Amino acid sequence: MESNKRLSRHEQAVMVQLLRAHGLRVDGRAAATERHMTLETEEIPSAAGSARVRLPGSTEVLAGTSTELQSHVSEGAQTTIPEGCLTFRVEFCGAADRLYQGRGAEAPSAEMTSLLASIYQPARRLRRSLMAGQQTEDVRGQLRTRYCCWSLCVDVLVLGTGGGNVVDAATVAVRAALATTYLPAVEWREGVGRGGTAGWELVDDWERYQPVDVTSAPLSITLVWMAEGKGTADGVTGESILPDPVVDPSAEEESSAAAALTVASAGSRHLCGVLQRGVLSLPPETVKKAVEQGITRCAERCASLDAFIAESIAAAEADE
Amino acid sequence: MFTAPSATTRSLPSPAPLVLPGDAIHAPEVNTLRGHGTRQSAHDRASTLRATQAGVVERINKLVTVRALRGRYVPEVGDVVVGRVTQVQISSRRWRVDVQARQDAALLLSAIPLPGGVQRRRTPEDELNMRAVYAERDLISAEVQEVKADGTMMLHTRIQGRLGRLRQRGVLVAVCPAHIRRSTRHVVSLGYAGMAAVLGVNGYVWVYVESEATALDGGEDEEQEMAAEMPTDAAVGGVTAPSRPQALALCRVRNAILALDVSCFSISVESIRAVCRWSEAVPPADMLQPAFLERLQAQLAASA
């Protein structure tokens, strides 16, 4: 996610000096401190689940889910476990930045969509929880299984990028939107009466709504490395990276970073995806350390996100 | 790690001239001049205007306008602004400068003091050396010299030692232009831990560590000037890192300005100093957290 907040050489020099001499960033954080995110859930009444995430500065991401039933029929003995389907659609709002006006939003949208799709690939538990109903019947001695699954589409709208770290904000928004998505129970109804058709029917009973299982849904952590050494006029700064990465970068830090690594992982502490960007390469030991650090933080973040959502749902129920 | 949005509300002074789009504005005079941000609707009485943007109603004689609280910078001649050079246009002898306005400002080659401080005609060599004076991404402080009829803004940096490239050890803070009032001095010493700031009327604030040389107020000798103007690595690498108290003060002032901006209070030397004083017990990093902002807003509302 390229930002147009390019800093002058003097600003970059101060940023690197503060970090190297005092381990301090311009906003007063230590290198490893994350910012607080402002999170609102159930923002869009027409969506199944939704969340809005804001970071200081003006990073703002809105995510909403929409659901659709898909029914399948399989003949004979079943071999594979049926899974639901999860798709992503990302849009960068033109008002967020001049860069995203017109066709400028296409490349970042495609990049973010493929990133989200790839980090959600290992989330099989989530997709299996999208299984809605199953019905086996014996048709002239042959087994026939009907089943239906939910197909979830997550719409992500990036409303602001001024605070940096849009990827992490987007993963939080997606996970929170999924966690607040409740799916109704589905039952198979044989045709009743004359002309009645058989089919899957939604059970209109709030007690039997089930939340989506998000324990395997990943979050991401972005770490960036600043370069030290010579400042050159064309923005490529220095020759070697500072040893300690900066976690949760602001837009200014992102724009002057020499290397960035986004690590995605769920609560299970297994790696779901890594994305590396930047003008300098990273040595393997640094990557290993950063990935380990990222996975630990992702797990912590998942736990605190789950706690926050549970709390806000409890508060909403208490209000009713 | 995650917080719910805070629901703080601010009570406004009772006859607040604030309007939202569509709000009625009472204009009893005959022949009222409908200014920017207002319009007359066919369904209303003649003495009623409607606001077309959110902001403050301003009345000058018969002219009624609505000044937007949020929005881009609207230039006036004589404003001191902080800008970032976006383009060096050698063929048309000008720099394009981003000043958070509706369009980029123009800084002509003839509107800068030449290195060496001599008064002479601009030669083709000067044109070729334009990038050595101000390169892309450089921050400069400048004054608005002229606002053309089409809204184009011309800048100048002719006051040596005051205006020109910002090359101190500092950070840029971008705030809403409406929060910075026009005053007589915009290059100010904050009187807090040796910090100084250029409060650009356009909402860009340059906060920096006041060095001995700049504290003498414009007395930078020419040799140093020349050395700093050259885009060599020494100019950047040669600057020593600020000490730890200075670094923390820099972060504190930066966050104080952002906290004031988030809380919608005007940003001035006094308000920055007050926020720095109130926040002494809080580490700089926590100054943008909801807990501190709520306390700050209560304190500011009480003192206002």
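Where in chain B is the place of B:Gln100? B:Gln100 sits in the loop between strand 10 (94–98) and strand 11 (105–108) of chain B.

## Basis of the report

This is a predicted model, in which local features need pLDDT of at least 70 and side-chain atom pairs count only at pLDDT 80 or more, while totals for chains, interfaces and linings use all residues. Residues are numbered from 1 along each chain as its sequence is written, chains are lettered from A and ligands numbered from 1 in the order in which they are written, and side-chain values use heavy atoms, with hydrogens and water left out.

Helices (H or I, at least four residues) and strands (E, at least two) are DSSP runs, numbered from the N terminus.

Most residues other than glycine have a negative phi. B:Gln100 has a phi near 65°, a positive value in a residue other than glycine. B:Gln100 counts as buried because its relative accessibility is 16%; buried means under 20% relative accessible area, exposed over 50%, and partly exposed in between (1.4 Å probe, protein chains only).

In chain A, A:Asn165 has a phi near 55°, again a positive value in a residue other than glycine. A:Asn165 lies in the loop between strand 6 (142–161) and helix 4 of chain A. With a relative accessible area of 0%, A:Asn165 is buried.

A:Thr181 is placed in the loop between helix 4 (166–179) and strand 7 of chain A. The relative accessibility of A:Thr181 is 0%, so the residue counts as buried. Apart from neighbours within four places in sequence, A:Thr181 is in contact (heavy atoms within 4.5 Å) with A:Ala48, A:Gly49, A:Thr65, A:Thr67, A:Leu152, A:Gln210, A:Pro211 and A:Val212.

A:Leu183 belongs to strand 7 (residues 182–183) of chain A. A:Leu183 counts as buried because its relative accessibility is 5%. Residues up to four places away in sequence aside, A:Leu183 touches A:Thr67, A:Leu130, A:Trp150, A:Leu152, A:Arg208, A:Tyr209, A:Gln210 and A:Val212. A:Leu183 and A:Ala48 are 135 residues apart in sequence, and their C-alpha atoms are 8.2 Å apart in space.

## The two domains of chain A

Chain A is divided into domain 1 (1–33 + 218–320) and domain 2 (38–212), with bounds that come from an automatic or database domain assignment. The contact between them takes 29 residues from domain 1 of chain A and 30 residues from domain 2 of chain A. Taken over C-alpha atoms, the centres of the two domains are separated by 28 Å.

The size of an interface is often given as the accessible area lost when the parts come together. Between domain 1 and domain 2 of chain A, the buried area (the accessible area, with a 1.4 Å probe, that two parts lose on being put together, summed over both) is about 2300 Å², and carbon and sulfur atoms give 59% of it. Two salt bridges are found across this interface, a salt bridge being a side-chain nitrogen of Lys or Arg within 4 Å of a carboxyl oxygen of Asp or Glu. A:Arg301 forms a salt bridge with A:Asp168, their closest N and O atoms being 3.9 Å apart. On the side of domain 1 of chain A that touches domain 2 of chain A, helix 6 of chain A supplies the largest share, eight residues.

## The interface between chains A and B

In this interface, 38 residues of chain B are in contact with 36 residues of chain A. The two chains bury about 3300 Å² between them, 58% of it on carbon and sulfur atoms. The count between chain B and chain A is one salt bridge. The side chains of B:Arg84 and A:Glu11 meet in a salt bridge, with 3.0 Å from N to O. Strand 1 (2–3), strand 15 (170–174), helix 5 (233–237) and helix 6 (244–262) of chain B each supply at least two residues of the side of chain B that touches chain A. Helix 6 of chain B gives the largest share of that side, seven residues.

## Annotated regions

For chain B, UniProt lists residues 72–146 as "domain: RRP4 S1" (unreviewed entry). UniProt positions are given in the numbering used here, feature names are shortened, and annotations may be inferred rather than shown by experiment. The end C-alpha atoms of residues 72–146 of chain B lie 18 Å apart, and the span is 12% helix and 36% strand.
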